[in-house]
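Please find below a short note for a colleague who is new to this entry. The points may be read alongside the sequence and the coordinates.

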Amino acid sequence: MPDITAVIPGFTGQVITAGHDRYDEVRSIWNGMHDRRPAVIARCGNTADVAAAIAYARHYDLVIAVRGGGHSLPGFSTCEGGLVVDLRPMNKVTVDPAARVATVQGGALLGDLDRAAQDHGLVVPAGVISHTGVAGLTLGGGVGRLMRRFGLTIDSLRSAEVVTADGRVLRAEQDRHSDLFWALRGGGGNFGVVTEFEFALHELPARALTVLSCYHDLADAHRVLRLAEQVMSAEPADELLWTSFARKAPPRPWLPAGLAGRPGIMSVIEWSGDQRPGQDDGHRLLSELRAELLPLASDLGVVPFGQIQTEGDEFFGPGLLSYVKATFADELTDELIDVVSARGALIGSEVSQIELLSMGGAIRRVPPDATAFPHRTASWLVNIPASWRSAAQTEREIGWVRDSYAALTPYCRGGGYVNFMDRDEQAGEQAAYGPTLRRLQAVKADYDPDNVFRLNQNITPLSQDAVPDGQVTPSGGGRQVAAS
């Protein structure tokens, strides 16, 4: 073990080790499943600090974890006995409203970006929990409520500043380090530490969405989800997004108290276009859908974008124990709906769910080989996240996710979404990256041949065989790996 009290050469940020009064605070991450103790936490203030921290870790043969928002479900944002490159102090967002460009540091959260962009009536399509890190979400692709209208988050990425394993600082964009730029858009954190993103911004003049929220009994699952399939397979306007969940009814003002905690189908149908009640296409469409759905309870109204982006923040707050599996489907078949209904009836935690998220729209119009994200032609993202509060629930909740995933798999097209995968995926590389894997391995060999950045859904370089988790790579990949 190196002398962890030593100053990191060239580092101007804050170095935190065990015994520091903030050590427990800054080592914690969103998923309470992963309680790890890194040897060094390097809280970086600038790009040069990131390069210095990487050099230090490599000199002492320490595994490197990279932390932005700390939302990595498998716990890749931290490590046991290694070094955490903590980007949270680098959280500045700068918006140029005339050019419609946002410059975002690697430690910024979605809330930071949303607020800065919305000040000018602009948005970047991103996720739905505001304390998620921009970096991790973007590098995996970036799904969210505006993706059918404006594409995945990576589709708005114009360039990225990257610190590579050998300490180089590169600007990757369409005509410079284009292979790296391609790989960063869906290939996860495999190629370096991204310290700055440049995004194209999109107008959302009304700064609000029209939202229909509905609750149905599980007995109505077929009627609700068949309608979802019918509406979304007809290729509706990009402004329409349909998400349905098998879950326990959460406490909501519009839900009768007697429904709270009861397993059912929750649907959230959103329109991101004009939202003048009684005048626009969105309000009229959602009113018609509510009449056809006949929910037990529902709510239809206009919700400010900043509000809807934070509505799940407390419910999905830090400290929950969480585990996830996800895949993709071409359609919501009767067999798939049967499984969703049956597995929904077995949900334990009030925070666990099976999510069916509509894709298509602008996502599908990007050529499949334009970025490393390989799932553009899928119609639905099938996400099975479990979250719970007591360790006594862990075995049951993980078992429920695994069994639900196994039951759904025969009726799905396969593949996995990088940001919704855990550490125990079988053939994880192939599931996450599919037909882009070989090309990603070639880029990995160019920019990280020693697999220094491997705490992620890892891509092994073409020149290096995969090494089982916990073993040391012969080329100095680090002597410790975060525990599962």
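**Notes on selected local features**

1. His177 is partly exposed, because its relative accessible area is 30%. The model is a predicted one. In it, His177 belongs to the loop between strand 9 (169–173) and helix 6 (178–184), and its phi is near 50°, a positive value in a residue other than glycine. Most residues other than glycine have a negative phi.

2. Asp61 also has a positive phi, near 60°. Its place is the loop between helix 2 (47–59) and strand 3 (64–67). With a relative accessibility of 28%, Asp61 counts as partly exposed.

3. After the helix comes Glu235, with a positive phi near 55°.

4. How are helix 10 and helix 11 packed, in terms of angle and axis distance? Helix 10 (residues 334–344) and helix 11 (residues 394–408) pack at an angle of about 165°, and their axes are 9 Å apart. The two helices are therefore roughly antiparallel to each other, since angles over 145 degrees count as such. The crossing of helix 10 with helix 11 is right-handed.

5. On the helix 10 side, the contact involves Leu336, Val339, Val340 and Arg343; these meet Trp400, Asp403, Ser404, Ala407 and Leu408 of helix 11. The contact residues comprise six nonpolar, one polar and two charged.

Technical notes: Residues are numbered from 1 along each chain as its sequence is written. This is a predicted model: local features need pLDDT of at least 70, side-chain atom pairs count only at pLDDT 80 or more; totals for chains, interfaces and linings use all residues. Side-chain values use heavy atoms; hydrogens and water are left out. Helices (H or I, at least four residues) and strands (E, at least two) are DSSP runs, numbered from the N terminus. Buried means under 20% relative accessible area, exposed over 50%, partly exposed in between (1.4 Å probe, protein chains only). Axes are lines fitted to C-alpha atoms, for helices over the stretch in contact, and angles run from 0 to 180 degrees between N-to-C directions. Angles under 35 degrees count as roughly parallel, over 145 as roughly antiparallel, 65 to 115 as roughly perpendicular and the rest as oblique. A crossing is left-handed if the near helix is turned anticlockwise from the far one by less than a right angle, and right-handed if clockwise. Contact means heavy atoms within 4.5 Å. Ala, Val, Leu, Ile, Met, Phe, Trp, Tyr, Cys and Pro count as nonpolar, Asp, Glu, Lys and Arg as charged, and the others, Gly among them, as polar.
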